[in-house]
Amino acid sequence: QVQAVESGGGLVQPGGSLRLSCAASASILSFTTLGWYRQATGKQRDLVASIANGGITNYADSVKGRFTISRDNAKNTVYLQMNSLKPEDTAVYYCRLGRGWLGNYWGQGTQVTVSS
């Protein structure tokens with residue numbers, strides 16, 4: 001059974017930066033896709049960024065140029081570097097480990113709040 005644990009969230013001022021981490025209990029090389037999603041209060045959970053096993057990345061239009069997804073295979077960890085943060089980035093951020101039709105594994109989420 002796979003577990004994913006997010007960390008790195010917190011309170012930051014507009015224009016600031018945070019780096020989120022997702023530590024997996026299994027080799028991240030065994031997953032076809034790795035991704036970050038976010039869900040603001042009262043809203044749906046949306047894709048923020050993803051990276052496939054071939055290295056192709058995908059970003060939501062709202063975060064392009066500001067966020068970067070990366071991974072460290074040796075540490076079984078996925079990262080989301082968030083720069084130039086805006087109040088509208090405020091949400092709970094979730095890590096997703098995907099194995100195609102075999103299923104997905106989700107972390108518990110970490111809160112990111114961007115406010116003055």
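Predicted model: local features only at pLDDT ≥ 70, side-chain atom pairs only at ≥ 80, totals over all residues.
Local features were considered only at pLDDT of at least 70 and side-chain atom pairs only at pLDDT 80 or more, whereas totals for chains, interfaces and linings use all residues. Residues are numbered from 1 along each chain as its sequence is written, and side-chain values use heavy atoms, with hydrogens and water left out.

The protein chain contains 0 helices and 11 strands, where helices (H or I, at least four residues) and strands (E, at least two) are DSSP runs numbered from the N terminus. The order of elements from the N terminus is accordingly β-β-β-β-β-β-β-β-β-β-β. The radius of gyration, taken over C-alpha atoms, is 13 Å, close to the 13 Å that the globule rule gives for 116 residues, so the chain is as compact as a globular protein of that length. The globule rule is 2.2 Å times the number of residues to the power 0.38. The C-alpha trace spans about 40 × 25 × 25 Å along its principal axes.

Of the 116 residues in the protein chain, 41% are buried. Buried denotes a relative accessible area under 20%, exposed one over 50%, and partly exposed one in between, with a 1.4 Å probe and protein chains only. The chain exposes about 6,100 Å², of which carbon and sulfur atoms supply 48%; accessible areas come from the Shrake-Rupley method with a 1.4 Å probe, and for residues only the protein chains shown count as cover. Among contacts (heavy atoms within 4.5 Å) with a separation of 6 or more, 53% are between residues 24 or more positions apart.

One disulfide, defined as a pair of cysteine sulfur atoms within 2.5 Å, was counted: 1 in total. The bond joins C22 and C95, whose sulfur atoms lie 2.1 Å apart. The pair links distant parts of the chain, with C22 in strand β3 (residues 18–24) and C95 in strand β9 (residues 91–98), 73 residues apart. The link of C22 and C95 is left-handed, with -80 degrees about the S-S bond. C22 counts as buried because its relative accessibility is 0%, and C95 is likewise buried at 0%.

Two residues other than glycine have a positive phi. N76, with a phi of about 50 degrees, is placed in the loop between β7 (67–72) and β8 (77–82). S84, with a phi near 50 degrees, lies in the loop between β8 and β9. At 40% relative accessibility, S84 counts as partly exposed.

D72 belongs to strand β7 and is partly exposed, with a relative accessible area of 26%. Apart from neighbours within four places in sequence, D72 is in contact with I28, T77 and Y79. The C-alpha atoms of D72 and A23 are separated by 9.8 Å, and the two residues are 49 residues apart along the chain.

I56 is situated in the loop between β5 (45–52) and β6 (57–59). With a relative accessible area of 63%, I56 is exposed. Leaving aside neighbours within four places in sequence, the contacts of I56 are with S50 and I51. From I56 to T33 the C-alpha distance is 9.6 Å, at a sequence separation of 23 residues.
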